[in-house]
Amino acid sequence: MSPRQHKPHEIVERALELSRADGCVVIAGERSTANLRWAGNALTTNGVTRGRDVTVVATIDGARGTASGVVSRSAVTAADLEPLVRAAEAAAREAGPAEDAQPLVAGVQEAPEFTGAPAETSSAVFDGFAPALGEAFARARAEGRELYGFAHHEVVSSYLGTSTGLRLRHDQPTGTLELNAKSPDRTRSAWAGRATRDFTDVDPRALDAELAERLAWAGRRVELPAGRYETLLPPSAVADLLVYQQWSAAARDAAEGRTVFSKAGGGTRVGEKLSGLPLTLRSDPYAPGLECAPFVLTGSSGDDASVFDNGLPIAATDWIRDGVLEHLLTTRHSAELTGLPVTPYTDNLILDAGGTRSLTEMVAASGHDGPALLLTCLWYIREVDPASLLLTGLTRDGVYLVEKGEVVGEVNNFRFNESPVGLLSRATEAGRTEPTLPREWGDYFTRAAMPALRIPDFNMSSVSRGV
């Protein structure tokens with residue numbers, strides 16, 4: 001019998017029935033994907049996939065504390081459930097007491113849609129997008145450039161059940177579009193990306209026009225040395241930096257003196273001013289267009305997540321408000337350790353400073369007191385020093401020289417060394433907040449809205465060749 005002949009809520013209920021542990025959490029995830037790929041102004045592949053994974057968390061109460069065991073498997077049928085549940089229980093018995101142990105989230109609560117069929121995507125998600133993509137191919141071909149890229153759409157329906165009575169469900173659509181334009185001799189390249197829930201709000205023709213302009217800018221090449229430059233970071237680059245900052249914002253790590261959010265002498269920097277601009281960095285599971293799970297849904301424990309917190313409601317949270325650090329990531333356990341409120345990880349991130357200028361308008365105000373740089377995106381970002389959150393990485397697919405408010409050419413790529421926390425402290429302008437796709441972290445994090453930032457002295461630490 002096909003795994004999909006067993007409804008996901010039935011899989012959850014059967015696993016809970018089979019459990020002999022003191023506590024049990026079951027998460028069934030139904031996943032479907034659709035994709036298009038293209039190269040040289042022509043579609044190359046397309047496809048649709050479907051699958052299921054099930055995670056069982058078993059908790060065993062012992063004399064020295066509560067232990068947890070977590071086992072996940074894919075393509076699970078009803079016949080596979082008992083071995084899966086027993087494996088989780090065995091893992092819990094073999095483990096020591098879990099440091100993050102808490103009572104499972106209590107309260108009998110069943111979402112009305114818990115017993116409904118999972119949401120699915122299909123190739124129909126591209127019905128409006130594909131013809132527009134074909135028009136972009138034709139225009140690019142006529143104007144002498146080549147388009148490469150892909151469109152990917154995924155829908156995951158997650159069903160969460162617990163031995164304490166929770167029956168919750170969340171449907172998460174995630175779409176990404178990445179488009180790369182190249183000159184026929186492959187010496188010039190430009191990139192643009194967008195995140196979307198359903199591909200009704202992305203226009204490949206508009207992205208192609210943006211890329212055509214950037215390729216034209218690259219018709220003049222200027223070599224610049226390493227150094228500190230006034231730099232405009234577009235929303236995509238800002239997102240990559242702040243997503244990494246958010247992943248590094250666990251309260252426990254900060255309280256133990258291991259991160260940039262650690263306070264000298266002990267404690268955390270909550271309450272400190274991080275930026276002179278009125279920047280607010282926030283997450284909200286109900287943010288329009290960026291909706292994500294409004295409850296904790298995790299198959300592993302760490303300093304920023306706990307399997308014991310599954311089902312815990314997630315509220316809108318200001319991480320930074322008007323430039324002041326307000327909250328760090330906490331589980332119920334780390335909140336007790338640090339004395340901070342419970343503020344779980346949320347799968348979206350929004351930065352806003354009330355700016356109204358577009359990136360084009362910010363360019364027009366740049367390069368009047370010396371050369372300025374306009375970036376396209378960042379990649380190969382790696383951490384150098386957790387104490388300052390110093391990151392290094394490379395620029396990619398276009399760094400442009402701005403003089404007296406106009407883009408006058410493309411310059412070489414650079415390696416940079418910067419801390420996102422340091423950048424927030426030195427930023428002199430934030431533009432208009434808009435949805436964006438992080439280039440580096442787009443495989444893991446897509447729900448972001450960011451402004452462009454003006455940094456007066458971005459550190460291009462060395463010249464990068466051949467990128």
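Colleague: What makes up residues 131-217, and how far apart are the end C-alpha atoms of that span?

Modeller: In this predicted model, the span 131-217 is 31% helix and 48% strand, and its end C-alpha atoms lie 28 Å apart. The span comes from UniProt, where an unreviewed entry annotates it as "domain: Metalloprotease TldD/E central", and such annotations may be inferred rather than shown by experiment.

Colleague: What does UniProt list for residues 227-461, and where do the ends of that span lie?

Modeller: The unreviewed entry lists residues 227-461 as "domain: Metalloprotease TldD/E C-terminal". The end C-alpha atoms of this span lie 6 Å apart, and the span is 16% helix and 34% strand.

Colleague: How do you know which residues belong to domain 1 and which to domain 2?

Modeller: The domain assignment of the protein chain gives domain 1 as 8-214 and domain 2 as 220-466, and bounds of this kind come from an automatic or database assignment. The C-alpha centres of domain 1 and domain 2 lie 24 Å apart.

Colleague: What makes you say that domain 1 and domain 2 are in contact?

Modeller: Contact requires heavy atoms within 4.5 Å, and by that criterion 37 residues of domain 1 are in contact with 36 residues of domain 2. The size of an interface is often given as the accessible area lost when the parts come together. Here domain 1 and domain 2 bury about 2900 Å² between them, with 60% of it on carbon and sulfur atoms. On the side of domain 1, Gln102, Trp191 and Arg214 supply 24% of the area buried against domain 2, more than any other three residues.

Colleague: Why is the largest pocket said to lie between domain 1 and domain 2?

Modeller: Domain 1 (8-214) and domain 2 (220-466) both give residues to the lining of the largest pocket, so the pocket lies between them. About 1300 Å³ of space lies in this pocket, and of its 44 lining residues Leu297, Tyr345, Asp347, Tyr444 and Arg447 lie nearest its centre. The elements that give two or more residues to this lining are strand 1 (23-39), strand 2 (42-62), strand 5 (146-162) and strand 6 (166-182). By class, the lining of the largest pocket divides into 16 nonpolar, 18 polar and 10 charged residues.

Colleague: Why is the second largest pocket also placed between the domains, and which element gives the largest share of its lining?

Modeller: The lining of the second largest pocket takes residues from both domain 1 (8-214) and domain 2 (220-466), so this pocket too lies between them. Strand 7 (residues 189-196) provides the largest share of that lining, 6 residues. The second largest pocket has a volume of about 1000 Å³, and among its 45 lining residues Arg194, Glu210, Pro235, Leu359 and Glu434 lie nearest its centre. The lining has 21 nonpolar, 12 polar and 12 charged residues.

Colleague: What makes a space a cavity rather than a pocket, and how many cavities of 30 Å³ or more are there?

Modeller: A cavity is a set of points where a 1.4 Å probe fits but cannot get out, whereas a pocket is an open set, and the count comes to 2 cavities of 30 Å³ or more. About 50 Å³ of space lies in the largest cavity, whose lining includes Gln245, Phe261, Trp319 and His327. Helix 5 (235-247) and strand 11 (317-321) are the elements that give two or more residues to that lining.

Colleague: How many residues of each class line the two cavities?

Modeller: The lining of the largest cavity has 7 nonpolar, 3 polar and no charged residues. For the second largest cavity, with a volume of about 30 Å³, the lining has 8 nonpolar, no polar and no charged residues. Those residues are Leu233, Val238, Leu241, Leu242, Pro420, Leu423, Leu424 and Leu453, and the elements that give two or more of them are helix 5 and helix 9 (420-426).

Conventions:
Residues are numbered from 1 along each chain as its sequence is written. This is a predicted model: local features need pLDDT of at least 70, side-chain atom pairs count only at pLDDT 80 or more; totals for chains, interfaces and linings use all residues. Side-chain values use heavy atoms; hydrogens and water are left out. Helices (H or I, at least four residues) and strands (E, at least two) are DSSP runs, numbered from the N terminus. On a 1 Å grid over the protein atoms alone, a cavity is a set of points where a 1.4 Å probe fits but cannot get out, and a pocket is an open set with protein on both sides within 12 Å along at least five of seven lines; lining residues have an atom within 4 Å of a point. Grid points are joined across faces, edges and corners, and a volume is the space filled by probe spheres set on the points. Ala, Val, Leu, Ile, Met, Phe, Trp, Tyr, Cys and Pro count as nonpolar, Asp, Glu, Lys and Arg as charged, and the others, Gly among them, as polar. Buried area is the accessible area (1.4 Å probe) that two parts lose on being put together, summed over both.
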